[in-house]
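Look at the chain below before reading on. The paragraphs that follow go from overall confidence to helix packing, then to the cores.

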Amino acid sequence: MKSSASRLLLCCLFITASSLHAHALDSLLQKALSYPDDSLKIEALFKLNDRFWNGSADSVRLGMKYLQEAQKIAERNGNRRMLVRTYQWMATNSNVLGNPTQAVTYFYISLREAEKIRYKDGIARSNKGIGVTLYSQGMYKRALQYLQTALDYQDSPEISWDGITLFYLIGLCRMETKDYINAQHYLLRALKASESENYIQRKYECCMALGELSRLRGELEKALEYCNKALPYQLAKKEYIALSWIYTTMGEVYLQRNQLTEAEKYAVLSLHNSRMHIYKPRIAVSAGLLHKVYAKKGKYELAYKYLFLKDSIQKIVNANEQAIDIAIIQAGFEFEKKENILKSEQKYKEALLQSKLEKQERRRNQALVLALLALLAIVIIAFAYRFVLKQRRISEKLLLNILPKETAAELKAFGRAKPRVHPSVTIVFCDIKSFTVLAESLGPEQLVDMLDFYFRHFDQLMEKYQLEKIKTIGDAYMYAAGLHNPASDDAHRALMAAMDMITYNKSAEEQMQTRFGCHFQFRIGIHTGTVISGVVGQNKYAYDIWGDAVNIAARMEQSSEPGHINISGQTHALIKDRFQCEYRGKIDAKNKGAIDMYFVKTK
């Protein structure tokens, strides 16, 4: 009883403390917003973000709350300089939260805002932020462009932390793009400046990078010398990414020397430290090194294990690259749209002012005319408003016909739809055997009527099994399961719809033969994997999905046979307990090599 009472008391104290803490934070926010001047409010919000920022996810999320308030104030009063700083802080916090796509979006918007007012420091920092984020995702050539631009805007780069950092980062990008001569130039420049200005951290990071560069140039002894110089500092600071880098370089050196025991030791240390920071690109590099070490030692099972880890992580990194590219394009589009709105508002204000001046000059003589014009304007606006409402209802209905409900809602609410990564989606392709031959023997109306006959029924199956129709391409019908509301039976429902398609096709053969003199035979392919979804286009929206999984699903359909459903090994693993399947073996697929394939027989 005493133990239960103690636990209850502790629980009550925790709840009370949490409530008091939340109340205290709200009070600080209200105090910041109470300043009479907007600039003072924003500065106070910046200080709150800085005050509670300690690198943890919770502190960053709290900081984002304050920064979002600062963003609203800066946008409301048109303070672009403050807006630049706000977006830069939000981008930094997004990187800490592990969202590089959002970070690039914020940095890109801050760059465009800074360019509009020729804010030199803002342009430099925004370019640097984009470059650092792109570098962290392995997009070295793109990163180099932004970092070089940031350096061009630096005053006295040899003595400033930002300038030395840019020398260092440009050197890294040059090294990753195999421009070793320029890489050495920038890294030595960064090292010299770091030693001159006593920037200890940057000094040892330069040593670390020069070690890897020396290894790449075949200077193995010099590589170890640089690594051993940097290692004690990074161990003391527990800089896990830096440690992973150093250990990778040392492991590669010993691998080149065929000292496999030492190579394995440092490769294991590299992977351990990269996992401490959960930094995916570095984990992939460490896993790649372990693969090479174990392959050379003849431990092929372990070599394959780490090759698989490397490839799996690389796919995620590649998906992030695509998402970042889309985010930059979308951020540019949104910025231009906002600028056009601001220009329109400014023109409207100027026209309104001119109109007022003219009215003051001609007020007595044109009083009646103005009254009539005002009345006419009201009538026109009323009719226009009714027309806009009617068109809006039509547009919303059309939007729901071409986009998923969730995507359409996001477009209406925010004017854009963010691309999303879906880890487990079942993709289905269905097309018609010998369609080209049949199309040549049919008239245009007959051909369209036949396709409409089947595809209308397929659309009903999408509603029945709660699936997402993606598109039709000629004689092909594509749909997916698990995009917006993933469930454990996604693959099962996708397969049930496919079986219903085959059944319906067989039941309609006699009717189609009588009506058109021929009938269609469908073949179906299914695969389950990771995809990216998004909306592309400006004037005509198009929802689509991309990724290697989509290509494999298409290969499944191409390797299928009329009246059959051909599925991949990944899909088979999800449905094998509920359906009987025939293993077809490993079959070559175009550009994919040999893939396990199965014919679905019965439920």
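Among the elements of the chain, which has the lowest mean pLDDT and which the highest? Helix H1 (residues 2–33) has the lowest, at 50, and strand E6 (residues 565–568) has the highest, at 96. Here pLDDT is the predictor's confidence in each residue, from 0 to 100. Helices (H or I, at least four residues) and strands (E, at least two) are DSSP runs, numbered from the N terminus.

This is a predicted model, in which local features need pLDDT of at least 70, side-chain atom pairs count only at pLDDT 80 or more, and totals for chains, interfaces and linings use all residues. Residues are numbered from 1 along each chain as its sequence is written, and side-chain values use heavy atoms, with hydrogens and water left out.

The mean pLDDT of the chain is 83. Of its residues, 84% reach 70 or more. Residues 7–24 stay under 50. For that stretch the model has zero contacts beyond four places in sequence; contact means heavy atoms within 4.5 Å.

Now the overall make-up. The chain has 23 helices and eight strands. Of its 603 residues, 44% are buried. Buried means under 20% relative accessible area, exposed over 50%, and partly exposed in between (1.4 Å probe, protein chains only). Among contacts with a separation of 6 or more, 62% join residues 24 or more positions apart.

Next, the helix pairs. The axes of helix H3 (residues 57–77) and helix H4 come within 9 Å and cross at roughly 160 degrees. Axes are lines fitted to C-alpha atoms, for helices over the stretch in contact, and angles run from 0 to 180 degrees between N-to-C directions. H3 and H4 are therefore roughly antiparallel to each other. Angles under 35 degrees count as roughly parallel, over 145 as roughly antiparallel, 65 to 115 as roughly perpendicular and the rest as oblique. H3 passes H4 in a left-handed crossing. That term applies if the near helix is turned anticlockwise from the far one by less than a right angle; clockwise is right-handed. Among the residues that meet are Leu-67 and Gln-71 in H3 and Tyr-87 and Met-90 in H4.

H4 (residues 80–96) also packs on helix H5 (residues 100–116): their axes come within 8 Å and cross at roughly 165 degrees. That makes H4 roughly antiparallel to H5. The contact includes Tyr-87 and Met-90 of H4, and Tyr-106 and Phe-107 of H5. H4 passes H5 in a left-handed crossing.

Helix H6 (residues 120–136) and helix H7 (residues 140–152) pack at about 160 degrees, with axes 8 Å apart. H6 is thus roughly antiparallel to H7. Tyr-135 of H6 and Tyr-146 of H7 are among the residues making the contact.

What lies inside? The largest nonpolar core has 91 residues, and Tyr-168 and Leu-172 have the most contacts inside it. Such a core is a set of buried Ala, Val, Leu, Ile, Met, Phe, Trp, Tyr and Cys residues joined through side-chain atoms within 4.5 Å. Leaving aside neighbours within four places in sequence, Leu-172 contacts Tyr-135, Leu-187, Ala-209 and Trp-245. Apart from this core lies another, of 44 residues, including Val-428 and Phe-453.

Helix H22 (residues 548–558) is mostly covered, with eight of its eleven residues buried. Arg-555 and Glu-557 are among them. Gly-593 lies in strand E8 (residues 593–602). Gly-593 counts as partly exposed because its relative accessibility is 35%.
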